Amino acid sequence: MFDPAHLALLKRALLVAGIPLAILVLIIAAWTLDARAHSGEALRGVHVAGRDVGGMDEDRLTEEVGDLAATYADAEIVIHTPDGDIETAADAVGLVLDVDATVQQALDAGRADALPARPLRWLTSLLSGREAGVVATVDEALVRTLVSTEDPTGRTEPVEPGITGDEGQLAVVLGEDGEGLDAAEVADAIEEAAADGSMPIEVDVEPSTIEPRFSREDAEALLERAEDLTDGPITVQVSDEESDVPASMIRSWLRSEAGDDELELALDEEEVLADLEALFADAATEPQDARFTVEGGRPVILDGVQGRACCEPEAVGFLLGAVKAGHDGPIDLPLRTVDAEQTTEELEALGIVESIGSFTTNHKCCEGRVTNIHRIADIVRGVVIAPGDTWSVNEFVGKRTAENGFVSGGVIENGSFAESIGGGISQFATTTFNAAFFAGLDLEEYQSHSIYITRYPYGREATLSYPKPDLVIGNNTPHGVLIWPTYTNTSLTVTLYSTRFVRGEQTAQTEAPVGVAGCKRVTTERTRTYVDGRTEKDKVYAVYRPAEGIQCDGPPNQQPTTTTTTTTTTAPPPPG
């Protein structure tokens with residue numbers, strides 16, 4: 001017989017135990033009904049980046065996630081490191097929200113849990129929601145570029161293994177570890193942080209050892225491939241020239257570079273182009289600068305001509321393609337254009353349009369010194385002195401030698417007449433000096449002959465030797481100055497062309513004894529008149545000994561030009 005009291009306790013115990021079971025049954029039943037009600041839809045309480053997408057079907061989810069994707073495209077990204085932050089944008093790392101994967105993840109939320117746990121997770125989601133998360137991807141190659149340039153942690157790049165072809169022998173080059181932000185770790189951190197939709201996207205990363213992405217075995221495999229591809233020459237055609245590029249030369253060009261997924265063959269562009277230029281030198285044509293000539297007494301510009309040389313930089317790509325394809329030619333390679341250094345437009349801007357000064361000196365025909373006069377005239381003809389520049393005869397012409405076309409001629413050495421290679425070119429110096437004198441140009445450096453020679457203007461002449469004395473002319477005008485010497489068998493003329501800015505004239509000359517008896521110092525005054533009416537006076541000097549062998553004491557023969565300026569406002573400008 002049961003005790004009634006015990007029976008009552010048992011009934012109450014069964015009732016208490018049955019309540020949770022009943023609640024559990026109710027939860028399961030409600031979850032089942034809700035799951036069936038949301039078949040093909042996101043379950044109740046599912047969120048994507050904070051947006052409630054519960055009950056949305058696939059089409060509605062796609063629309064909602066697509067709208068969210070536009071937000072991610074404009075996302076700011078902050079990468080925190082112990083040594084500073086990198087602030088960047090989504091497009092800089094290739095951040096993209098994967099719409100299809102995110103939609104599928106939202107639809108799967110709550111349906112992929114272990115079956116016993118699903119009703120309870122469903123009940124929890126009704127109170128706090130369930131974050132399905134965003135599926136976002138970044139481009140690791142872009143991240144690698146970003147951290148290689150912006151890494152604030154004292155980065156050293158890893159060195160990828162590869163191959164080299166020094167001296168035509170292929171060899172493996174081992175890789176080396178680097179130190180800094182690892183691109184793969186940064187990429188993973190960004191993708192993980194992007195899942196919850198927080199903006200800006202912020203990640204914390206630490207520097208670490210960065211291993212090369214490729215192994216020694218990868219490099220050895222590339223080496224083996226390179227050897228197979230370069231076991232013979234490649235025939236190359238450039239213009240009308242054809243030549244075989246030997247295997248040893250091709251291998252000397254070979255390098256490797258790290259691609260996204262593998263080590264790839266590459267060529268050293270600088271070496272390739274240098275070797276090809278030497279190999280096909282006969283296919284080249286030199287460019288011709290635009291230059292001046294004189295026709296009918298007026299300067300004329302002759303247009304420059306472009307040159308051609310081997311080869312265009314794209315030739316490297318053509319050769320690399322041939323190597324990779326195992327192609328032995330002939331490979332047509334394009335010549336590159338070589339521009340002239342001096343263009344017609346540059347010469348036109350100099351304003352060289354008219355004669356601004358000219359002077360002629362005479363000499364006997366057919367002497368050795370005449371050969372030298374003609375030679376230096378030919379070398380200098382066409383020189384242009386840019387505005388504000390100076391021009392040195394010795395710097396431009398160099399030492400007069402037989403190899404440069406000069407012969408022996410008369411000179412004055414230490415106050416005595418003698419013979420030397422290049423003798424006679426002082427007639428060119430004197431003629432040029434006087435052309436510049438009357439053109440109003442600056443006479444920066446000059447020296448007279450130590451003995452006066454009657455074929456030259458008294459006190460207004462210059463001599464030359466190497467390296468000193470020199471003749472240096474300064475262009476004190478805003479226009480270029482063209483030097484144009486011409487000659488006959490018995491005369492030399494130097495004409496200067498520009499735009500008239502100033503003119504010079506001799507306005508006084510004095511002489512005074514200097515040193516021993518018979519030595520004279522001649523002072524020649526020049527008045528320069530500018531187109532705006534200003535005038536300036538300056539002086540040039542010459543010191544003459546009375547005969548060979550006499551040494552004149554006193555001021556040095558070579559004198560810088562000293563200038564005294566006076567201004568007038570009444571003088572009319574000189575004629576054009």
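Trainee: Why does Ser 239 count as partly exposed?

Mentor: This is a predicted model, and in it Ser 239 has 43% relative accessibility. Buried means under 20% and exposed means over 50%, so with 43% Ser 239 falls in between and counts as partly exposed.

Trainee: And what makes Glu 167 exposed?

Mentor: Its relative accessibility is 82%. The cut-off for exposed is over 50%, so Glu 167 counts as exposed.

Trainee: What is worth noting about the phi of Glu 167?

Mentor: Phi of Glu 167 is near 55°, a positive value in a residue other than glycine. Most residues other than glycine have a negative phi. You'll find Glu 167 in the loop between strand S8 (162-164) and strand S9 (171-173). Ser 239 also isn't a glycine, and its phi is positive at about 55°; Ser 239 sits in the loop between strand S13 (234-238) and strand S14 (241-245).

Trainee: Why are strand S4 and strand S11 called edge strands?

Mentor: The open sheet has three strands in the order S4-S3-S11, with mixed pairing. Strand S4 (84-89) and strand S11 (201-204) each pair on one side only.

Trainee: How do you know that S3 and S4 pair?

Mentor: Two strands pair if there are at least two bridges between them, and six bridges join strand S3 (residues 76-81) to S4, so they pair. They run antiparallel, and Ile 77 stands opposite Thr 88 in S4.

How values were computed: Residues are numbered from 1 along each chain as its sequence is written. This is a predicted model: local features need pLDDT of at least 70, side-chain atom pairs count only at pLDDT 80 or more; totals for chains, interfaces and linings use all residues. Side-chain values use heavy atoms; hydrogens and water are left out. Helices (H or I, at least four residues) and strands (E, at least two) are DSSP runs, numbered from the N terminus. Buried means under 20% relative accessible area, exposed over 50%, partly exposed in between (1.4 Å probe, protein chains only).
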